[in-house]
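Subject: The structure you asked about

Hi there,

Here is the structure for you to open alongside this note. Below it I have written up what turned up when I went through it.

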Amino acid sequence: MPTSLRSFASTDRFIEEIASPSLRPGYVLIGDEIFLYDRCRKAVLSTLAPAETRDFCLHDLDLAETSIFEILDRAQTPSLMAPFQVLFVRGLKALYGRGSKKEEFAAIDAYFRSPNPSALILFVADHLRIPTDLRKMDYQDKERYEKIRETLGDWCGFVELARVEDTDAIKWVTTTAESRSVKFDPDAARELVDALGADMMLIASEFEKLLLYVEGKSRVTLGDVETMVLAAKQRSLYELTDAISAKDRPRALLLLHGLLNASDGGEDAAIGHLYMLARTFRQMLIISEKNVRDSRAIWQALWQGFRMPPFAAEDLIKQARRYKSRRDLTRAIRLVARADLELRSSPANKLLVLERLILDLSTEPKANTYEPSHQFAMEL
């Protein structure tokens with residue numbers, strides 16, 4: 001059922017199309033918004049790969065391990081066990097690496113000129129990040145997007161998995177709750193979205209917990225969100241930044257492991273933790289720049305939607321005052337951004353990336369140890 005929200009429009013169209021006669025032989029799912037990708041995948045499976053034949057018709061492939069020639073050959077070959085074939089092809093960036101890849105693109109063109117009507121190829125381009133505002137798209141991602149469109153646009157439909165707007169995330173929370181006979185107070189929905197940085201996977205996870213928490217009273221209030229989401233996660237986060245600002249490396253590492261162990265996604269929730277770390281350091285930067293000295297002044301310095309919960313105000317002021325200069329705080333933000341970029345590049349060990357970040361943040365900076373870059377994975 002369409003959500004009628006702008007951030008969901010591209011996936012809504014895709015979900016309608018795969019259930020209609022206008023289904024195309026191929027699509028590119030472009031962007032790294034996991035929640036929207038998961039939504040598309042579930043729709044494809046329920047529509048085209050029913051559970052009873054899924055073992056015979058669903059293929060999860062990666063261009064880093066399987067050649068495009070083999071993938072196209074598999075798509076072209078009818079299956080004796082299932083009437084329809086669905087191929088999810090990850091690692092699309094392998095097609096746009098070094099070399100012209102003329103033979104590969106010639107094979108793709110040849111296949112789509114006469115595709116198997118009983119097969120669907122879904123290219124997954126999750127190495128690109130599409131922001132809510134396309135004008136703020138990273139230059140390199142924009143170039144990659146255009147190359148993919150130039151080479152696959154004639155044959156494939158494009159489904160943009162862009163970051164979800166805050167207002168749409170809030171509407172999703174309230175309308176989804178209504179569909180399950182629960183009233184989600186608007187200020188509670190706003191706080192949930194703000195606290196989790198409009199990360200829809202985190203929001204959806206915490207949303208389910210909140211509905212279980214209020215079972216019986218059928219209403220989610222701001223207090224419920226503060227109790228379930230902020231108190232548990234943000235208190236741990238502010239304890240972590242307290243240890244970092246105090247340069248207490250052993251305590252910071254212990255708190256990092258505690259934060260990961262408390263998360264349902266463990267290391268997979270790392271992107272959400274990094275977002276909150278970056279947000280907290282940005283708050284400290286503003287507190288430092290505006291010379292905020294008490295919690296009453298903090299609400300004037302920080303705008304609506306960018307404020308911390310009341311219990312953290314005094315702690316954050318104290319932590320911000322530990323940093324000697326603006327440079328120290330901007331260095332911390334850059335270190336978080338660099339770790340975010342590493343995590344989005346699928347490192348072999350996510351925990352190692354996080355531990356190194358915490359050690360770097362908890363260490364006094366040395367002169368010229370960090371080369372600044374203008375390209376970051378997250379908007380700072």
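One term first: a residue is called buried when its relative accessible area is under 20%, and exposed when that value is over 50%. Please keep in mind that this is a predicted model.

With that cut-off, Ser 245 counts as buried, because its relative accessibility is 6%. You will find Ser 245 in helix H10, which covers residues 222-245. A polar atom of the Ser 245 side chain lies 3.0 Å from the backbone oxygen of Asp 242. If you set aside neighbours within four places in sequence, Ser 245 is in contact with Gln 319, Arg 322 and Tyr 323.

The other spot to look at is a pair of helices. H7 (residues 166-179) packs with H8 (residues 186-195) at an angle of about 125°, and their axes are 9 Å apart. The two helices are therefore oblique to each other, and H7 passes H8 in a right-handed crossing. On the H7 side, the residues that meet H8 are Asp 166, Ala 169, Ile 170, Val 173 and Thr 174; on the H8 side they are Ala 189, Arg 190, Leu 192, Val 193 and Asp 194. Sorted by class, this contact has six nonpolar, one polar and three charged residues.

As for the chain overall, the protein has 16 helices and seven strands. Of its 380 residues, 48% are buried. Taking contacts between residues at least 6 apart in sequence, 74% join residues at least 24 apart.

Key
Residues numbered from 1 in each chain as written. Predicted model: local features only at pLDDT ≥ 70, side-chain atom pairs only at ≥ 80, totals over all residues. Heavy atoms only, no water. Axes fitted to C-alpha atoms, helices over the stretch in contact; angles between N-to-C directions. Helix = DSSP H or I, 4+ residues; strand = E, 2+ residues; numbered from the N terminus. Parallel < 35°, antiparallel > 145°, perpendicular 65-115°, else oblique. Left-handed = near helix turned anticlockwise from the far one by under 90°. Contact = heavy atoms within 4.5 Å. Nonpolar A, V, L, I, M, F, W, Y, C, P; charged D, E, K, R; others polar. Buried < 20%, exposed > 50% of the residue type's maximum accessible area, 1.4 Å probe, protein only. Polar contact = N/O pair within 3.5 Å; in protein donor to acceptor, adjacent residues only side chain to side chain.
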